[in-house]
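Welcome, and please open your viewer so that we can walk through this structure together. At each stop you will be told what to select and what is there.

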Amino acid sequence: MTLFRSMAIRMALVYILLICGFGYVARVLYSVQITRHGELFGKAQDTYTTRIETHGTRGEIFDFGGSLLVGNVPTMDIVGDPANIYILNKKDKDKTETECRLIADFFEKNCENVNSDEVFRRLSRRTFTTTNAGGEKVERDCHYAVIATGVKYETAKMLKEKVRELAFHGVSFTSSYRRNYPKNTMLANILGLTNVSYDTFVPIQGIERTLNNEMTATSGSMVYERARNGRSVTYVNSKSEPTLDGYNIFLTIREPLQAIVEEELDLMCERVKPHAAWAILVDPKTGDVLAAAQRPTFNPNDRSTMTPESSANRLSELALEPGSIMKPFVVSYALDRGFVTPNSMVDCEQGVWKYAGRLLHDTHNVGKVPVTEVIKQSSNIGTAKISVMMGAKNLDTALRSFGFGQRTGIQLKPETSGIFRPLEKWDSLSVSRFCIGQGIAVSPLQLARAYCMIANGGYKVNLRIVDRIERGDDVRVMPVIKDKKSIFTNPTTKKMITDMMIGVTEAGGTCTEAAIEGFHVAGKTGTAQKVINGAYSNRYYASFVGFVPAEDPKFVLLVTCDDPTVGSRYGGSASGPTFKAIAERTLKYMYVQPQLSREEWLAERSAAQKALHERKVREDALVQARREERDRQLKAQQAKATTKKTGTTVASRPASTAKSSTIRR
Amino acid sequence: MNQFTKKINPSEPGIETGHEHNPWVAGLIFKMAMIMSIIFAAFYARVHLNDKTEQLAREKARITEEIREKRTEIQTLIAQRETLRSWDNINSKIRQYNLALRSVNPSQVRYMKRFEGQVAAPSYGSDTRVADTSAGTVQSSGAVQ
């Protein structure tokens, strides 16, 4: 009985102990599985989970046909792990320093721009002090020391092999890339450039800046569970967010045409030595910018060539007084609204005209001529008179309808809208000055767009420099934005103004240098005084703008010389030959068939020359007759004076009647 | 009725009793063995597949790395090609070798008709050739000198 009771008690104790034990285990399990689940699961996950950030590449820029203009060149960054070098040689400090020195010397010998002492200093810094979340200063191992950045891929590959052979510990190679401009100075001011800040591209200017959001790659990540050897365990789930490369940009620029324009611009700069120069080639039907160049420019691969002068984008940022190249807009509007016809006579006052208390001069003394001659001979007075006839309100409407005072819609930022005062702020002189390109400032792009409107029959079209953006199958085409309604109400206006502009490149025009064999060239010269410190100076913008073939224009070309210092300062002489050279080569490139055979073209030229000669003979005869008339008047006055002296009472006849009496005699 | 559960009469001739031959135990062992072998097979298949997957993943990683390297090399070559294709470079070569390339006179160019009444269409829009520029020779389909 005693034994049985003793056994029962012991059994009970064992049960109690077991229950207590299980209870304790249950409590711990509860704590581990329920209460601290999140914390412990996270800790466990951290030990076997890896997260990798993946980066895409920035979009590249191509010309219309897919020729690379801005690309990415693969490079490698070489980094050291000082703590690792130290740990491997922990027992021997001297050995560590020797290793660091060896690594530093090796890279100085094999890489460009690497300083051995600097690398040694970085590798020797095994720890660094930082402040933790609690505000305490703590010392941590340093695992990152830059040895070299942007090392060429081939060089880096060779170095990687050598490092493996030499068994340098704690040296790793990471892939990166840098922006490359394979065409160097070509289109540099339009393309722009980027800087790099902490592995991120920072756009500075040009297309790189305007379309930065589209070109920037989207970073992705991959979270996976790894095995002991560090490799990912593929049979468990891993999460990944995709990496997206940036969009590639396809411009409307044609590289061959761009090469032509750049080359001819260089030749012009050698010839007239200007302060600056630029040229724009635009398709008038779509507003596509086919080529755009400017001098001075810079090489984005060599930042030492960058100066404020060379890096500015004059085409979209500069606002200048255009001068005579504004005249066709006023005259075309006057023709369109019926204020004048091509044969309406305008008295150009022989070169001097006073309006609103100020004198207006012409370069050539022109008398009473038809409107056609006003454009052909670029008469300021003739244009001003037409403008005065139209009135300020119509002039304002005319210039605004050609897009002045508004941006062109091109995908370039910043873009100036020019300076064009609202009508209510015009003074009495404005109506006679805006029409000849004084007192109004426009950008080269605005001018090119306005001439596109003349060339395409009056349809306002936005300029385009980006044709499409692409990322794999995702293609977005930038639409052509063109008004459906022409600003010309008269269907013959385009022909009338084009015929006048053709006269500019024919005998007697202001720019015969721009004539191209086999084609009719419609153009206009412009020689505008530069405004310096609020006053007109003796420096000029010499421009020529036109379109070819005149009847069915394939392109509009604007060439401007800023302050030519050698030779003539006039637009026709400074920019005309360059216009001709570019246009000729462009026509060949576009396979545009000549409109006229050589014989026909020469015959037309000689006919124009003959007509000019005849006109000059007529004018000379007229001048001679006027001179004779004046001489007769003088003689008559002298005779009258002599008669008075000698007391003769015979009354002298008036000069006008003297002539008729002479004839009668 | 299940023969293994029916009551056995020891006096019945031909029926052996005793522990040497217990059919239901053998059946149980057989069943267990079957289940175990299925589990083993499934487990083995899983391990084998995992191993295979791992091998393929390693192979994939190796090939991916190779592709990445090739792409890098291609990108480097593209950059070199584009530099060589630049007009600056071509022009410098023309000057270096003093190539007697002259621009043609428009009157020297004749346009070949492809079809009745249609001249060669301008294809500059999608053309990626470097301009003939100073070379000036129109050497493309639809245009002959």
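Start by selecting Pro549 of chain A, which sits in the loop between strand S24 (535-548) and strand S25 (555-564). Keep in mind throughout that this is a predicted model. Most peptide bonds are trans.

Next, select Lys413(A) and Pro414(A). A cis peptide bond joins these two as well, with omega about -5°. Pro414(A) belongs to the loop between helix H16 (392-401) and helix H17 (430-433) of chain A.

**A positive phi**

Stay with the backbone and select Asn184(A). You will find Asn184(A) in the loop between strand S7 (171-180) and helix H7 (188-191) of chain A. Its phi is near 55°, a positive value in a residue other than glycine. Most residues other than glycine have a negative phi.

**Zoom out to the whole chain**

Now show all of chain A as a cartoon. Chain A holds 23 helices and 25 strands. Its radius of gyration is 40 Å, well over the 26 Å that the globule rule gives for 665 residues, so chain A is more spread out than a compact globule. Along the principal axes, the C-alpha atoms fill a box of roughly 185 × 60 × 55 Å.

The domain assignment gives domain 1 (57-216), domain 2 (255-300 + 311-595) and domain 3 (613-664). How far apart are the C-alpha centres of domain 2 and domain 3 of chain A? They lie 47 Å apart.

**Helices H10 and H21**

Select residues 255-272 for helix H10 and 576-589 for helix H21, both in chain A. These helices pack at an angle of about 160°, with their axes 10 Å apart. Angles over 145 degrees count as roughly antiparallel, and H10(A) and H21(A) are therefore roughly antiparallel to each other. The crossing is right-handed.

Show the side chains where they meet. From H10(A), look for Pro256(A), Leu257(A), Ile260(A), Val261(A), Glu264(A), Leu265(A) and Met268(A); from H21(A), the partners are Thr578(A), Ala581(A), Ile582(A), Arg585(A), Thr586(A) and Tyr589(A). By class, this contact has nine nonpolar, two polar and two charged residues.

**Helix H13 and its contact with H19**

Move on to helix H13 (residues 327-336) and helix H19 (residues 493-504) of chain A, whose axes come within 9 Å and cross at roughly 140°. H13(A) and H19(A) are therefore oblique to each other, and H13(A) passes H19(A) in a right-handed crossing. Residues of H13(A) in this contact include Val331(A) and Leu335(A), while those of H19(A) include Met496(A), Ile497(A) and Met500(A). The contact has seven nonpolar, two polar and one charged residues.

**Last stop: H13 and H15**

Is the crossing of H13(A) and H15(A) left-handed or right-handed? This crossing is left-handed.

Here Lys327(A), Val330(A), Val331(A) and Ala334(A) of H13(A) meet Thr383(A), Ile386(A), Ser387(A) and Met390(A) of H15(A). Five nonpolar, two polar and one charged residues make up the contact. Finish on Val331(A), which takes part in the contact with H19(A) and also in the contact with H15(A).

Key
Residues numbered from 1 in each chain as written. Chains lettered and ligands numbered in written order. Predicted model: local features only at pLDDT ≥ 70, side-chain atom pairs only at ≥ 80, totals over all residues. Axes fitted to C-alpha atoms, helices over the stretch in contact; angles between N-to-C directions. Helix = DSSP H or I, 4+ residues; strand = E, 2+ residues; numbered from the N terminus. Parallel < 35°, antiparallel > 145°, perpendicular 65-115°, else oblique. Left-handed = near helix turned anticlockwise from the far one by under 90°. Contact = placed C-beta atoms within 7 Å. Nonpolar A, V, L, I, M, F, W, Y, C, P; charged D, E, K, R; others polar. Domains from an automatic or database assignment. Rg over C-alpha atoms; globule rule 2.2 N^0.38 Å.
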